[in-house]
Amino acid sequence: IIEEFAPRFAPNSECLYVGDTTEKDLVKNVNKLRALGFEITLHDKMPDVVLYAEDKDWLYFIESVTSVGPMEPKRIKEIKEMTTGVTAGKIYVTAFLDFKTFKKFSESLAWETDVWIADMPDHMIHLNGDKFLGPRV
């Protein structure tokens with residue numbers, strides 16, 4: 001996600017948070033998250049990766065399907081509750097290792113989210129909507 005997704009789809013973004021199931025908070029820029037209006041909560045509620053593109057004022061919330069699961073409607077609701085004070089645009093992405101894994105989870109993905117598949121790193125799938133990668137108003 002950091003090495004392949006970010007340079008392609010979130011260029012010049014800053015990594016504000018990276019967590020995983022074993023090491024918990026690998027990167028956490030609490031000051032910047034709070035400055036953006038993000039309510040810091042327990043590790044298990046945080047997305048796997050949070051990127052911030054200051055030039056666009058976009059926050060990317062990325063879940064690696066191998067850890068917690070995809071961006072399902074329930075997950076979107078949890079993130080929205082943590083970010084009620086955030087004015088930056090919010091982008092929700094589920095990252096998959098391969099297309100086979102994507103197909104297994106495709107029915108549970110929330111509308112108005114994006115999908116990135118690591119073994120096809122130059123492409124994304126947008127689930128409905130009137131525009132491609134970008135925050136919802």
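Predicted model: local features only at pLDDT ≥ 70, side-chain atom pairs only at ≥ 80, totals over all residues.
Author: Residues are numbered from 1 along each chain as its sequence is written, and side-chain values use heavy atoms, with hydrogens and water left out.

Reader: Why does Thr113 count as buried?

Author: Buried means under 20% relative accessible area, exposed over 50%, and partly exposed in between, with a 1.4 Å probe and protein chains only. Thr113 has 1% relative accessibility and therefore counts as buried. Thr113 is found in the loop between α4 (99–105) and β6 (114–117); helices (H or I, at least four residues) and strands (E, at least two) are DSSP runs, numbered from the N terminus.

Reader: Which residues is Thr113 in contact with, leaving aside its neighbours within four places in sequence?

Author: Contact means heavy atoms within 4.5 Å. On that basis Thr113 is in contact with Met71, Ile76, Tyr92, Ile125, His126 and Leu127.

Reader: What makes the pair of Phe96 and Phe102 edge-to-face?

Author: Rings of Phe, Tyr and Trp (its six-membered ring) pair if their centres lie within 6.5 Å; planes under 30 degrees apart count as stacked, over 60 as edge-to-face and the rest as tilted. The structure holds nine aromatic pairs. The ring centres of Phe96 and Phe102 are 5.5 Å apart and their planes stand at 80 degrees, so this pair is edge-to-face. Phe96 counts as buried at 2% relative accessibility, and Phe102 counts as buried at 10%.

Reader: Why are the buried residues of α3 said to line one face of the helix?

Author: The buried residues of α3 (73–82) are Arg75, Ile76, Glu78, Ile79 and Met82. Seen down the helix axis, they fall within an arc of 160 degrees, so they line one face of α3; the arc is that of the directions from the helix axis to the C-beta atoms. The face turned away from the buried side carries the exposed residues Pro73, Lys74 and Lys77. The buried residues of α3 pack against β4 and β5 (89–96).

Reader: What makes a set of residues a nonpolar core, and which have the most contacts inside the largest one?

Author: A nonpolar core is a set of buried Ala, Val, Leu, Ile, Met, Phe, Trp, Tyr and Cys residues joined through side-chain atoms within 4.5 Å. The largest has 18 residues, and Leu16, Phe38, Val50, Leu59 and Phe61 have the most contacts inside it. α3 gives the most to this core, with three residues.
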